[in-house]
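Welcome! Please open the model and follow along.

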Amino acid sequence: MKRTSMKVLHAIASLKVAIVLLSLIAIYIVIGTLLPQHSAPEWYLERYPALGSLIISLSLDSAYGSPIFIVLIALFAINLTTCTVLSLKGQWRQMDSNYYPSFKEDEFTIDIEDQDTVHTFLKRKRFRVERGGDALRAGKFRWGVLGATITHIGLLVLFVGGTIGNMTASEDVVNLLPGNEKRFEEEGFLIRLEDFDMTFDDKGAVKQYISTVTVIDDDGTETTRELWVNNPLHHKGIGMYQASFGWTGNLRVTDTASGEIQAEGLLRSGRTYFHQSSHLTIYLYGYYPEMAIGHDQQPVSLSNREIDPHYAVVLYEFGNPVGSYIIAPGEAIPYKDLEITFTHAVAYTGLLVRSDPSYPVVLAGFLIILLGMFVSFYCYPRFIHFSSGTLRTASRRNGWVFHHSVRSALERTQTRKNKED
Amino acid sequence: MDKFQNIENITFTIAFILYMVSAITHLFLVTKLAKKVEPIAILTALAGLVLHTAAMVARTAGANRLPFSNQYEFALSFAWGIVLSFLILYRIYRFGAIGAFVMPLAILVMGYASLQSKAVRPLMPALQSHWLTFHVGTAILSYGAFALACGISIIYLIDAKRTGDHRILKDPEVSDMLTYRVIVFGLLMLTVVIISGAIWAQKAWSRYWAWDPKETWSLITWIIYAIYLHLRLRRNWRGKSAAWFSIIGFISVLFTFVGVNILLPSIHSYAT
């Protein structure tokens, strides 16, 4: 019974299973990069008539969140865990100071007569040397055998972090105009946007987007900070990232005869305002800080610098379009007994607000993987045997390179010794 | 055109010519048409690298930053990484013949660079980070190492059909082990590239991983080389199969570098 269960465990932990799973994962993610993701099912059926239903049934339209992909990752995690646990016993045995691998008779040998040179070399290279008559045995980095295990543990920590993140992370986009506030009820604080600024280089490209934000805790503590792309703000487990921006135009609806302002407020590009008394809908199609006319005769903005600003506006009455206009700031659109103007534009900031408690776990996973790979590749166990004028090297990982480096180092040691003599 | 751009253009062109001379000389070397040309092949590669470095310094001075931010600049640095890796390997092991297969790769990447726009553009906000230097710098080392491994693997496949003195490297075991050694370095660097990219993305976009095509293809490349190492270490997988795997890995590297930018929409699209 025990033998059968061990057989099953070894089968689960086998390299063959790992390679098959890794290959399937790789194929799945290749498909995910080639196939447009998260479109409507109808789109796949129309675009790929022969494969559309297969794409949907295998959830290839959302490859990285699909049950098949999650099962593949879970199976790989099980394979990795089992393999790591089962290898530990053998690795522990190889770390013992009495362990030596078998040295091949005719491979990786160096003829050298002087035992002292070999001994000096081994000591200088910090090998642990054992003498037995006229023979020497030496080993180094025995603990390096754990490199692969450390890497596997790092990968598992990464999977745990990713899973925690998928289950607990939350995300929202908050658009704020200067003076606007956003409250975080559970965490007990609010943020207020003091200012949003864009800086430009000589050619008009945006150099940076900067939001000045005041964080006000429920106990009244206030802290003001600037945040920009690559410089997020973290407070009480919430990260705030400079993610986007947009424009609003200050809309003013004035009675032509009396000069009375009937309505005034900021209207975002792409949004409408309904002026009830005249059944008029004002649609701000777009704001163009540096306007030009594109190839398709549509307005475009050459940059976000307010060099030649214009507004594109469409008016609707009872749902029917009654006119479209391109106007400069302060320029009025006369409509019946009203004048419609946009006096100035104000930029708003788009902050991505994210809470992800898994990130420290993921970061730990990354560091463990790097450590494991470094140990595995550069601190692999090395062994040397010397007797009767023949030195043999052995290393499971990097036999030829280790042999080459020992040969070169011995030659250098011999040369140095000859000079000293 | 400012003086830095002039210097960059001149040094780039001369470096390109020197690399071609080096590649041709290396071909003479491996085809045994001329046996004593190794010093010329290596010296022209070295001189090309010096001028290539000068082109990168001029670019750095002209743009006020390291040349790491678009396809032209990355290709310029990638080719530099390939030649540097080759010369370091030559310094250690003295296998000049590898240049016959590595220098053409460098020429190919330089040729690709020359087709890209050389205009110096300011860094967009997302790229204004210290992580850029580290992330792209390690990518250059990693890609350079994989190119080198690909070159040595080609030598292995050619040598596998030959015997004795007809071989390019006398012992195929040596080219096999060198490929392994270079891939190990490349994979470690690729891991640093992926991890530094993830940490940077967390800082810039709030997510360490977003399944962006560029990062996903880096992961695919990582998986290919990880499979190579496991098969080699656990199954003693050597010889032709390992050499083919190394070449497939480099094709994946090239697709990550060029193919993704051309074919797949990505948040790395500024790297064009």
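Let us begin with a term: buried means under 20% relative accessible area, exposed means over 50%, and partly exposed is in between (1.4 Å probe, protein chains only). This is a predicted model, in which local features need pLDDT of at least 70 and side-chain atom pairs count only at pLDDT 80 or more, while totals for chains, interfaces and linings use all residues. Residues are numbered from 1 along each chain as its sequence is written, chains are lettered from A and ligands numbered from 1 in the order in which they are written, and side-chain values use heavy atoms, with hydrogens and water left out.

**Exercise 1. Find the strands that hold E181(A) and R192(A), and classify both residues by accessibility.**

Step 1. Helices (H or I, at least four residues) and strands (E, at least two) are DSSP runs, numbered from the N terminus. E181(A) sits in strand β5 (residues 181-184) and R192(A) in strand β6 (residues 189-200), so the pair ties together parts that are 11 residues apart in sequence.

Step 2. A salt bridge is a side-chain nitrogen of Lys or Arg within 4 Å of a carboxyl oxygen of Asp or Glu. E181(A) and R192(A) form one, with their closest N and O atoms 3.7 Å apart.

Step 3. R192(A) has a relative accessible area of 22%, so R192(A) is partly exposed. E181(A) is partly exposed too, because its relative accessibility is 46%.

**Exercise 2. Work out whether R59(B) and E73(B) are buried or exposed.**

Step 1. These two side chains meet in a salt bridge, at 2.9 Å from N to O.

Step 2. R59(B) belongs to helix α2 (residues 38-63) of chain B and E73(B) to helix α3, so the pair links distant parts of the chain, 14 residues apart.

Step 3. R59(B) counts as buried because its relative accessibility is 1%. E73(B), at 0%, is buried as well.

**Exercise 3. Describe the surroundings of D176(B).**

Step 1. Locate D176(B) in helix α6 (residues 172-205) of chain B. Its relative accessible area is 5%, so D176(B) is buried.

Step 2. Contact means heavy atoms within 4.5 Å. Leaving out residues up to four places away in sequence, D176(B) touches Y156(B), R232(B), R238(B), G239(B) and A242(B).

Step 3. Look at R232(B): D176(B) forms a salt bridge with R232(B), the closest N and O atoms being 3.1 Å apart. R232(B) is in helix α7 (residues 213-235) of chain B, 56 residues away from D176(B), and both residues are buried.

Step 4. The side chain of D176(B) also reaches the backbone nitrogen of G239(B), at 3.5 Å.

**Exercise 4. Describe how the two domains of chain B meet.**

Step 1. Domain bounds come from an automatic or database domain assignment. Chain B is divided into domain 1 (1-120) and domain 2 (123-272), with centres 19 Å apart, taken over C-alpha atoms.

Step 2. Here, 25 residues of domain 1 are in contact with 34 residues of domain 2.

Step 3. Buried area is the accessible area (1.4 Å probe) that two parts lose on being put together, summed over both. For these domains that area is about 2600 Å², with carbon and sulfur atoms giving 83%. On the domain 1 side, F68(B), F78(B) and F101(B) lose the most area, together 23% of what that side buries.

Step 4. Between the two domains of chain B, the rule finds zero salt bridges.

**Exercise 5. Which residues make the salt bridge between chain A and chain B?**

Step 1. Start with the contacts: 52 residues of chain A are in contact with 49 residues of chain B.

Step 2. Chain A and chain B bury about 4500 Å² between them, 69% of it on carbon and sulfur atoms. In chain A, L15(A), N230(A) and W400(A) lose the most area to chain B, together 16% of what that side buries.

Step 3. The count between the chains is one salt bridge. Its partners are E171(A) and R207(B), whose side chains meet at 3.1 Å, N to O.

Technical notes. Polar contact = N/O pair within 3.5 Å; in protein donor to acceptor, adjacent residues only side chain to side chain.
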